[in-house]
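Keep the sequence and the model side by side.

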Amino acid sequence: MADIHGSYDELFAAVPTMLSGLLDEGDVGGAVAVFVDGEAVVDVWGGFADAARTLPWERDTIVNVFSVTKTMTALCALVLIDRGELDPDAPVARYWPEFAAAGKQGVLVRHLLSHTAGLPDWEGPVEELYDWATATARLAGQAPQWEPGTAAGYHSLTQGFLVGEVLRRITGRSVGEFFAAEVAGPLGADFHIGLDAEHDRRVAPTVPPPGRDEDYAAGARDGDATATRAGVAVLRVRDGNGLAWRRAQIPAASGFGNARSVALVQSLLACGGTVGGVRVLSPAGCARAAEVQFDGVDRTLGMPSRYGLGYGLFGSALGWGGWGGALVWVDPDERLAIAYVTNQMREPATDNRAVELVMTAQDGLKGLRG
């Protein structure tokens with residue numbers, strides 16, 4: 001069996017065993033973390049950080065988690081809501097006046113967080129994603145595809161700019177700066193939105209699914225969908241592996257971290273807003289994330305979806321996944337947070353890795369709770 005490194009409670013031994021099995025099946029590398037009551041009961045990793053399998057996946061290896069980044073951006077918005085600086089029921093134009101153009105006067109902040117704003121598609125070239133002012137100006141001038149709030153369509157790349165510009169107008173800081181100062185820094189979490197060059201040596205580049213190359217693109221039903229309609233940008237693996245992508249702040253998709261950092265940060269929602277003695281949110285602020293904003297068929301994904309304020313809702317749990325297989329799963333009832341990250345993509349239709357790891361971790365929790 002593939003070697004697994006790190007630590008784990010024996011009640012959760014099936015989790016590292018499963019990770020080892022995934023590596024034996026051909027995955028290049030990955031990591032899993034399980035936090036209960038804000039403490040790690042599983043923090044394991046294995047495999048390699050490069051497709052050539054020459055560089056071991058280390059404790060501090062980080063990887064692009066794609067749309068798991070949305071949960072970090074949402075957390076920043078929840079912090080501002082908690083502080084009374086952001087009103088989810090306010091028109092977006094209250095904070096970002098230019099956004100009122102093209103019939104968007106009625107778009108509310110909560111519509112941005114719940115994929116119901118009607119701006120699901122990035123209609124510019126991929127290169128414009130790397131310039132914040134250009135990207136946000138394009139979105140401010142765009143007309144909604146439906147009456148905001150009446151339907152949902154997954155805002156794969158656009159959500160981060162929409163929420164992020166509102167945050168910037170309020171705080172004067174980018175999402176990456178705010179997240180680093182107000183969330184990651186206080187918690188000691190190794191997660192980055194906008195990656196500095198000093199961290200490049202630690203990055204495990206994304207590896208396309210077997211039989212695919214770096215032109216492999218996100219599809220409309222991938223779970224991190226970039227629609228392939230005419231005039232809509234298509235994100236490819238080579239884009240995500242580029243330096244421009246790393247340096248840019250694309251708060252819906254360009255976050256870099258490891259399983260430990262993802263589970264640590266999102267443990268805030270599992271533990272009433274306080275982890276390791278650090279309070280970032282109030283219990284009421286955490287509860288807002290699970291307030292149902294939409295329950296129906298997502299127009300972009302073509303599947304039933306439930307959205308809270310910035311999170312997908314799954315029964316009593318909340319979280320989200322990323323293109324390529326990453327996932328964060330939070331269960332406040334159990335004070336549980338689970339994160340899986342990997343550099344190995346699989347075809348979305350047959351990729352059950354993260355869900356199976358969540359189920360395995362939940363089995364361990366039953367033993368822990370007795």
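Predicted model: local features only at pLDDT ≥ 70, side-chain atom pairs only at ≥ 80, totals over all residues.

Arg247 has a relative accessibility of 35%, so Arg247 counts as partly exposed. Residues are numbered from 1 along each chain as its sequence is written, and side-chain values use heavy atoms, leaving out hydrogens and water.

Which residue does Arg247 form a salt bridge with? The partner is Asp200, and the closest N and O atoms are 2.5 Å apart. A salt bridge here is a side-chain nitrogen of Lys or Arg within 4 Å of a carboxyl oxygen of Asp or Glu. Arg247 lies in helix 9 (residues 243-247), and Asp200 in the loop between strand 5 (192-193) and helix 8 (237-240), so the pair ties together parts that are 47 residues apart in sequence. Helices (H or I, at least four residues) and strands (E, at least two) are DSSP runs, numbered from the N terminus.

The whole structure holds 24 salt bridges. One of them joins Glu25 to Arg346, with 3.1 Å between the closest N and O atoms. This pair links distant parts of the chain, 321 residues apart. Glu25 sits in the loop between helix 1 (14-24) and strand 2 (29-36). Arg346 sits in the loop between strand 14 (336-342) and helix 12 (353-369). Glu25 is exposed, at 58% relative accessible area. Glu25 and Arg346 also belong to a network of salt bridges with Asp27, Asp351 and Arg353.

Now turn to the strands. Two strands pair if DSSP finds at least two bridges between them. Strand 1 (residues 4-8) and strand 3 (residues 39-47) run antiparallel, joined by 5 bridges. Ser7 has Asp43 of strand 3 as its bridge partner. Strand 2 also runs antiparallel to strand 3, with 8 bridges. There, Phe35 partners Ala40 in strand 3. The hairpin of strand 2 and strand 3 has 2 residues between the strands, and Asp37 takes a positive phi near 55°.

Last comes helix 2 (residues 69-82). Its 14 residues reach 20 Å from first C-alpha to last, close to the 20 Å expected. That expected span is 1.5 Å times one less than the number of residues. Is helix 2 largely enclosed or open? Of its 14 residues, 13 are buried, so helix 2 is largely enclosed by the rest of the structure. Just after helix 2, Gly84 takes a positive phi of about 80°.

Notes: Buried < 20%, exposed > 50% of the residue type's maximum accessible area, 1.4 Å probe, protein only.
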